[in-house]
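This report describes how the parts of one protein chain are arranged and how they meet. The sequence and structure are shown first, and the description follows.

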Amino acid sequence: MVSPRSLAGSLAGRISTKDIECEEDHNFQVTPWEVSGKIDYVKLIREFGLQSMRQLPKQFEHSVLFRRGIVFAHRDFKQITDAIEQKKPFVMMTGLMPSGKFHFGHKMVAEQIIFYQSLGAKIYLAVADIEAYNSRNPNMKELRETAIQEYLLNYIALGLKPENCDFYFQSSRSKNGARANAYYSLASMLARHATFNEFKAIYGDISPGKMTSSLLQASDMLHPQLPEFEGGPVPVIVPVGADQDPHLRLARDVSQRIKEFKFMQLSSTYHKFLPGLGGGKMSSSDPLSYISLTDTPTEAATKVKKYAFSGGQPTIEEHRKKGGNPDIDVSFQMLKYGLEPDDAKLADIQDDYKSGKLLTGELKQTVAEKLSKFLEEHQKKRKQAEKMVEKFLQI
Ligand code: TRP
């Protein structure tokens, strides 16, 4: 067993898991409709009633996101680690909002999906086109294009395999009528088991479109356990950003009230948000905040050099004397979130930056080089991936 915190400490001895986000700030907001401010993850765990990540089976060492504490909290995760250790079947289910460019924040989710696939999970992936229609962009054709060109192609290039993977659109669950009926009926039947006050308490701001999307998302998360799909109760892990927890609370509650089906309680994990270039959250609605996986290597390098918020000092003399702050340095955070997979190397960079030995320009140069190299290889794989797309669209 490994614990993400002690592992981060013990492997290299020096990686701090205390992030910028832990600084005191009472003005942050984390809801499915808005993420803003400096997020205090400790407070979030308390307010949402999550469990912090502690002991994990050895396999999780292979995931940078788990061993560096970026996946920081969960609900009922033990059902999943038990299934993995006992080699029992389990499902990984998550969804994607097909809006804008696929960036390094989205890549984190993709890496978790692919990691669970490597652990033997059956993968369910929902394109939330109905949710996007109701909340953002009413052009269904464009949503489908974005889902395939931006999301699916990048997932495949990052390593997602078509075997044991059920990729579907909320607007088009299955060509198999019995399956499609089961999924949409569940979404509608769950409505009976929630009250308006509950919606208000969980979401605050709520509209018919948002309610419909929440119930459809509940069906996304629960339907793998229906007779028409996996055949009965099975552990389901839903890896998401912390903003999605309200959807999980609703789905977990209604799933235990509906008597027609027996659902095993949903499990979920929560990852921290990758900081955007200027701080805040990396978000596809703010072009200056993200590096996309289709940016050219040169574009990406320039973005880092020009826009990535620096934790360094204003002058070289001051930097040499006082050192930089890697916790608020976006370039360093990009390395920590995966661009530098080697823990010992990451710790060296962290130490050198803190001591003032490593300058901001030098750190940025390292990140820019790593980024360009990654993008060059990734974009070749993306070309290859085009041939695979059809294999994922058979459902
Ligand atoms: N609401 C999610 C988002 O905004 C997308 C989503 C739809 C989802 N269905 C899901 C996430 C099921 C997890 C599980 O990104």
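## Domain arrangement

Domain bounds, as used here, come from an automatic or database domain assignment. The structure is a predicted model. For the protein chain, the assignment gives domain 1, residues 4-273, and domain 2, residues 287-382. The C-alpha centres of domain 1 and domain 2 are 29 Å apart.

## The interface between the domains

The size of an interface is often given as the accessible area lost when the parts come together. Between domain 1 and domain 2, about 2500 Å² is buried, and 55% of this area lies on carbon and sulfur atoms. In terms of residues, 30 from domain 1 are in contact with 30 from domain 2.

Polar interactions also occur between the two domains: 13 residue pairs are in polar contact, counting pairs with both residues at pLDDT 80 or more. Two salt bridges are found across the interface of domain 1 and domain 2. On the side of domain 1 that touches domain 2, the elements that give two or more residues are helix H1 (4-12), helix H3 (64-67), helix H5 (104-118) and helix H7 (140-158). Of these, H7 gives the most, with six residues.

A salt bridge links Arg67 to Asp343, with the closest N and O atoms 2.9 Å apart.

## Helix H4 and its packing

Helix H4 spans residues 78-85, and its buried residues are Ile80, Thr81, Ala83 and Ile84. Viewed down the axis of H4, these buried residues fall within an arc of 155 degrees, so they line one face of the helix. The partners against which the buried residues of H4 pack are strand S8 (236-241) and strand S9 (267-271).

Just after H4, the backbone at Lys87 adopts a positive phi of about 55 degrees.

Ser255 belongs to helix H11, which covers residues 245-257. Is Ser255 buried or exposed? Its relative accessible area is 2%, and because the cut-off for a buried residue is under 20%, Ser255 counts as buried.

Which residues does Ser255 touch, not counting those up to four places away in sequence? They are Leu222, Phe263 and Gln265.

Terms used. Residues numbered from 1 in each chain as written. Predicted model: local features only at pLDDT ≥ 70, side-chain atom pairs only at ≥ 80, totals over all residues. Heavy atoms only, no water. Buried < 20%, exposed > 50% of the residue type's maximum accessible area, 1.4 Å probe, protein only. Helix = DSSP H or I, 4+ residues; strand = E, 2+ residues; numbered from the N terminus. Arc of directions from axis to C-beta. Contact = heavy atoms within 4.5 Å. Buried area = accessible area lost by both parts, 1.4 Å probe. Salt bridge = Lys/Arg side-chain N within 4 Å of Asp/Glu carboxyl O. Polar contact = N/O pair within 3.5 Å; in protein donor to acceptor, adjacent residues only side chain to side chain.
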